[in-house]
Amino acid sequence: MSLYLTDQHSGFSEAGLRRIRDVLARHVESGKIPGLVALVSRGGETHVEAVGAMRHDGGAPMRRDTIFRMASTSKPVTMAAAMVLLDECRLRLDDLVEPWLPELADRQVLKRVDGPLDDTVPARRPITVRDLLTSTFGLGMDLTALGTPIMDAVFERGIFSQSATALAAPDEWMRRLGTLPLMHQPGEHWQYQISNDVLGVLVARVTGQSFESFLRERIFGPLGMKDTGFHVSAGKIDRLPPCYTPNPQTGEFTVWDEAVGGQYSAPPAFQSGGGGLVSTVDDYHAYFRMLLNRGTHDGERILSRPAVELMTTNCLTPEQQAARNDLARNNVHISFGQGQHGGWGYGMAVRTYRGDYAPIGQFGWDGGTGTTAYADPHSGLVGVLLTQVGLSLPAPAQLIHDFWTTLYQAIDD
C-alpha cells in the first residue's frame, strides 16, 4: 500500500484519511477485490492510495499509474467533445441529426416497448442533438425490459456488447442501429448508453476526424491526459490489469478481458463514447478538476463556463427521472443500489436529492468494471476509485459506496 501527498494544507483530517485507507484495505483483504487505486483531492491537496495486486492470484502491485477500463465512467469525459462543438456553434442543441446521421431519419416507434418490432407508429418529430445529449432520443439500454424483442435485437445486432467482443465499425454500427425501431418517441424517455455511442459517431462525422483524435486534440492533450484513450499501447500494456467478472453464484474470479491480446490491446473498430475509454486516476482527476473550475485548466479554457453548467445540471423532467429512479430503487438486485442520484445532466448523474452522504449538486458516474468518478462543487472535492472487478456481484458496488461514505467523513473544515 502506498500514499502520495502533494501540498501540506488540506481540507481533509488525518483521521479521516486513515479511515479511507483502512476501508479500502479491508475490501482488498476480503479477497473479493484484488486491487484498486483511489484518488481524493480538495483544494490544493491530492491523496492517492494504491492497494493490492494487479491479479487476483497476486502478481505486480497496483500503482498510481495503473491503467483501468473505465466502462460507463467514460460517459462524462467523452461528452466534452460534443460540448466543444456546441461552444463553437458547429452544432446547436435543437439541430436535427439527420444531415450527419441519415440512418436516424424517418424513425418508427414501437407501440409498446415489449411489442413486436413491426408494430410501430411514425415518430412524432425528428431526433435532435439535444435528444442525444440528454439520452432521450428514443433507444437505449433498459434493464427493466430485458427479454423483450427490442432488447434482444439490440444484443443480437451488436448495438451493445455485454462480452469482450468488439462492436462493428461506426458506419456499419449505424446501419444496424437504423434497422431498429425506437422504443419511445424522441425526447420523451430517458434511456441508458446507446445515445452516448451515437454521439461519438456524430462528433466524428461533424469534424471529419476520428472521435478519439478529436478528443485527444481538444480534451486529452490540453488536460495532460496522456494515458487516456480507447486502447493501451504495447509499451504500456504491463500497466493494464486483467478485468474480472466474478461468477454470481460462486464468486469465483472469471477473466472477462486479459491485458495482452485482449479487447484493449489494439485500436478498436468502434470508439465507444458510452464505455470505451481506458484511463488513470490522475487523468480523470485532471478532467473533473477542470469541470470544478468551470471549464479551465492551468489558466487555459477547455470548455465554456455555460457548457460545464449545462453538462452538470439536471436536465430531466420528473417523468424522465422516474425511469432512472425505477432502476436504482426498485431493481437493487440488478444495480446493487447504484444510481440513487435523482437527476442526469449530459453523460453523467447529477444529485437532485440527498440519497446518501453526498450533497445535492455532486456530479459524475460509475462504471460496470468497478469504477467511480465524481466532483462536488459544494465541497470542492474530486474522488476517483478504480478497480478491475465487474458488477456481476455486489462487492465492487459496496466498495464504491464505502469509498464515498468515508471520503465525505474525511472533510475537515
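Biologist: How many of the 11 residues of strand 3 are buried?
Modeller: Nine of them, so strand 3 is mostly covered, where buried means under 20% relative accessible area, exposed means over 50% and partly exposed is in between, with a 1.4 Å probe and protein chains only. Strands here are DSSP runs of E with at least two residues, helices are runs of H or I with at least four, and both are numbered from the N terminus.

Biologist: Before we go on, what kind of model is this?
Modeller: It's a predicted model, in which local features need pLDDT of at least 70 and side-chain atom pairs count only at pLDDT 80 or more, while totals for chains, interfaces and linings use all residues. Residues are numbered from 1 along each chain as its sequence is written, and side-chain values use heavy atoms, with hydrogens and water left out.

Biologist: OK, back to strand 3. How many bridges join strand 2 to strand 3?
Modeller: Eight, and the two strands run antiparallel. Two strands count as paired if DSSP finds at least two bridges between them.

Biologist: New topic: helix 1. What does it pack against?
Modeller: The buried residues of helix 1 pack against strand 2 (35-42), strand 3 (45-55), strand 17 (381-387) and helix 12 (395-409). Contact means heavy atoms within 4.5 Å. Those buried residues are Gly-16, Leu-17, Ile-20, Val-23, Leu-24, Ala-25, His-27 and Val-28.

Biologist: How far does helix 1 reach from its first C-alpha to its last?
Modeller: It reaches 22 Å over its 16 residues, 14-29, close to the 22 Å expected at 1.5 Å a residue. The expected span is 1.5 Å times one less than the number of residues. Just after helix 1, Gly-31 takes a positive phi of about 85 degrees.

Biologist: How do the axes of helix 1 and helix 12 sit?
Modeller: They come within 9 Å and cross at roughly 170 degrees. That makes helix 1 roughly antiparallel to helix 12, since angles over 145 degrees count that way, under 35 as roughly parallel, 65 to 115 as roughly perpendicular and the rest as oblique. Axes are lines fitted to C-alpha atoms, for helices over the stretch in contact, and angles run from 0 to 180 degrees between N-to-C directions. Among the residues that meet there are Arg-19 and His-27 in helix 1, and Phe-403 and Leu-407 in helix 12.

Biologist: What about helix 6: how many of its 14 residues are buried?
Modeller: 12, so helix 6 is mostly covered. What covers those buried residues includes helix 2 (75-87), helix 3, helix 4, helix 5 (170-178) and helix 7 (211-223). Just after helix 6, Gly-208 takes a positive phi of about 75 degrees.

Biologist: Is Asn-196 buried or exposed?
Modeller: Asn-196 is buried, at 2% relative accessibility, and its place is in helix 6. Leaving aside neighbours within four places in sequence, Asn-196 is in contact with residues including Lys-75, Met-79 and Ser-135.

Biologist: Where is Thr-148?
Modeller: Thr-148 lies in the loop between helix 3 (129-133) and helix 4 (149-156), and it is buried, with a relative accessible area of 11%. Its side chain reaches the backbone oxygen of Ala-145 at 2.7 Å.

Biologist: Last one: which residue other than glycine has a phi near 60 degrees?
Modeller: Cys-89. Cys-89 is in the loop between helix 2 and strand 6 (108-110) and is exposed, with a relative accessible area of 56%.

Terms used: A polar contact is a pair of N or O atoms within 3.5 Å; within protein, one must be able to donate a hydrogen and the other to accept it, and residues adjacent in sequence count only if both atoms are side-chain atoms.
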